[in-house]
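Hello,

Here is the structure I promised to pass on. Please open it first, then read my notes below.

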Protein chains: 2
Amino acid sequence: MSGPLVSAARTDRCIRRKLDVTHGVLRVACLLASVTALSLMATAEESATVSIFGFSLPVYSKWSFSDSFEYLVGVLAAVAAHSLLQLLISILRLLRNSPVILSRNHAWIIFAGDQAFAYAMMSAGSAASGVTNLNRTGIRHSALPNFCKPLHSFCDRGAVSIAFTFISWFLLAASAVVDVIWLSKY
Amino acid sequence: MSGPLVSAARTDRCIRRKLDVTHGVLRVACLLASVTALSLMATAEESATVSIFGFSLPVYSKWSFSDSFEYLVGVLAAVAAHSLLQLLISILRLLRNSPVILSRNHAWIIFAGDQAFAYAMMSAGSAASGVTNLNRTGIRHSALPNFCKPLHSFCDRGAVSIAFTFISWFLLAASAVVDVIWLSKY
């Protein structure tokens, strides 16, 4: 190969390596964020009493009582599994010194996966935060109490978990953009 | 130009035209879906009475009483505006017989817009459906009533509006994929 061709091939390999490393960093961060969110949410439960119109009612709150929180836990677990799997595949390929993304079809599959999980994450995070917000503000249809006053530790744990969910979503969305950059270059 | 080059240029123009038409169709459909969802949601209100522990409480529900529904209406309006704007730009360019997507940078901007609005749509739809679901099933923290029994017309309208929101999300997500196809080809 002549000089310019060799240097073009080297630049090309350098860009690919940079994209691979970016992908790897995003995957590790996404895995950490989703596992944190998952463990916070899956351990959230609290019991207290609340008084409505003078009646003292026992309230007990657990993540599995709300469909939205169950959905969030399911999505977080799926995203953590997806990130771990992609990370392991990448590490194996890097150790063998082969490229992480093998072909355009492979890049499309990874893009589709990242995109689908990013939408699912956004959906689960939003549904859960809608419900948490409703718990916090009470229901404006009528004079109902604010559930987060007696159950503040439950609500706070939920809020932190949702924050990590959105961090994890952002990292997945960034992965999808890296996939598009790959697709647009090769 | 020689024969093969001319035919390659013709194939290329044919692919671009196909992508432009696909984009246009997706935009029109997305505009219709989001306007339908918007008009259904923005006109949703109902009043009724509900009895809790023997007390008869007046309940009046309007979309603007819930933060999630307000957010949904905002996002739907933004998506409708985005779709209409992109559609008008496309039609103007097609009438002048110039390509709809001018450059790679332009394609990246359209991709970013579609992607951001698709995430916002998914988020708004999920938050609203989380709240509607909570209204429908009642709150499992304690023995509270099902708000959708007295307010069934409000709840049904909300559910149909949310269904159109998800249709509109799907069309935006499809637009983003068309953008990625464009970016991966040119």
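**Salt bridges**

R16(B) is partly exposed, at a relative accessible area of 25%. Here buried means under 20% relative accessible area, exposed means over 50%, and partly exposed lies in between (1.4 Å probe, protein chains only).

Before going on, some ground rules. This is a predicted model, where local features need pLDDT of at least 70, side-chain atom pairs count only at pLDDT 80 or more, and totals for chains, interfaces and linings use all residues. Residues are numbered from 1 along each chain as its sequence is written, chains are lettered from A and ligands numbered from 1 in the order in which they are written, and side-chain values use heavy atoms, with hydrogens and water left out.

Back to R16(B). Which residue does R16(B) form a salt bridge with? The partner is D12(B), and the closest N and O atoms are 3.5 Å apart. A salt bridge is a side-chain nitrogen of Lys or Arg within 4 Å of a carboxyl oxygen of Asp or Glu. Side chains of opposite charge can pair when their charged atoms come close. D12(B) is partly exposed, at 29% relative accessibility. Both residues lie in helix α1 (residues 3-42) of chain B. They are four residues apart, about one turn of the helix. Helices are DSSP runs (H or I, at least four residues), and strands are too (E, at least two), numbered from the N terminus.

Chain A has a salt bridge between D12(A) and R16(A). Its closest N and O atoms are 3.4 Å apart. Both residues sit in helix α1 of chain A, four residues apart, about one turn of the helix. D12(A) is partly exposed, with a relative accessible area of 30%. R16(A) is partly exposed as well, at 26%.

Now look at R27(A) and D114(A). Their side chains meet in a salt bridge (3.1 Å, N to O). R27(A) lies in helix α1 of chain A and D114(A) in helix α3 (residues 104-137) of chain A, so the pair ties together parts that are 87 residues apart in sequence. Are these two residues buried or exposed? R27(A) is buried, with a relative accessible area of 4%. D114(A) is buried, at 0%. Over all chains, the structure holds four salt bridges.

**Helix packing**

Take chain A first. The axes of α2(A) and helix α4 (residues 152-185) of chain A come within 12 Å and cross at roughly 40 degrees. Axes are lines fitted to C-alpha atoms, for helices over the stretch in contact, and angles run from 0 to 180 degrees between N-to-C directions. α2(A) and α4(A) are therefore oblique to each other. The cut-offs are these: under 35 degrees is roughly parallel, over 145 roughly antiparallel, 65 to 115 roughly perpendicular, and the rest oblique. The crossing of α2(A) and α4(A) is left-handed. That word applies if the near helix is turned anticlockwise from the far one by less than a right angle; clockwise is right-handed.

Which residues make the contact? From α2(A) come F69(A), L72(A), L76(A), V79(A) and H82(A). From α4(A) come F154(A), S161(A), I162(A), T165(A), S168(A) and L172(A). Contact means heavy atoms within 4.5 Å. By class, this contact of α2(A) with α4(A) has seven nonpolar, four polar and no charged residues. Ala, Val, Leu, Ile, Met, Phe, Trp, Tyr, Cys and Pro count as nonpolar, Asp, Glu, Lys and Arg as charged, and the others, Gly among them, as polar.

In chain B, helix α2 (residues 67-95) and α4(B) pack at an angle of about 40 degrees, with their axes 12 Å apart. α2(B) passes α4(B) in a left-handed crossing.

**Two buried residues**

S34(A) lies in helix α1 (residues 3-42) of chain A. S34(A) is buried, with a relative accessible area of 0%. Leaving aside neighbours within four places in sequence, its contacts are L76(A), V79(A), A80(A), M121(A) and S168(A).

L183(B) lies in helix α4 (residues 152-185) of chain B. L183(B) is buried, at 0%. Not counting residues up to four places away in sequence, L183(B) touches V180(A), S184(A), R104(B), A107(B), W108(B) and F111(B).

**A loop residue**

N97(A) lies in the loop between α2 (67-95) and α3 of chain A. Phi of N97(A) is near 60 degrees, a positive value in a residue other than glycine. N97(A) is exposed, with a relative accessible area of 59%.

Best wishes
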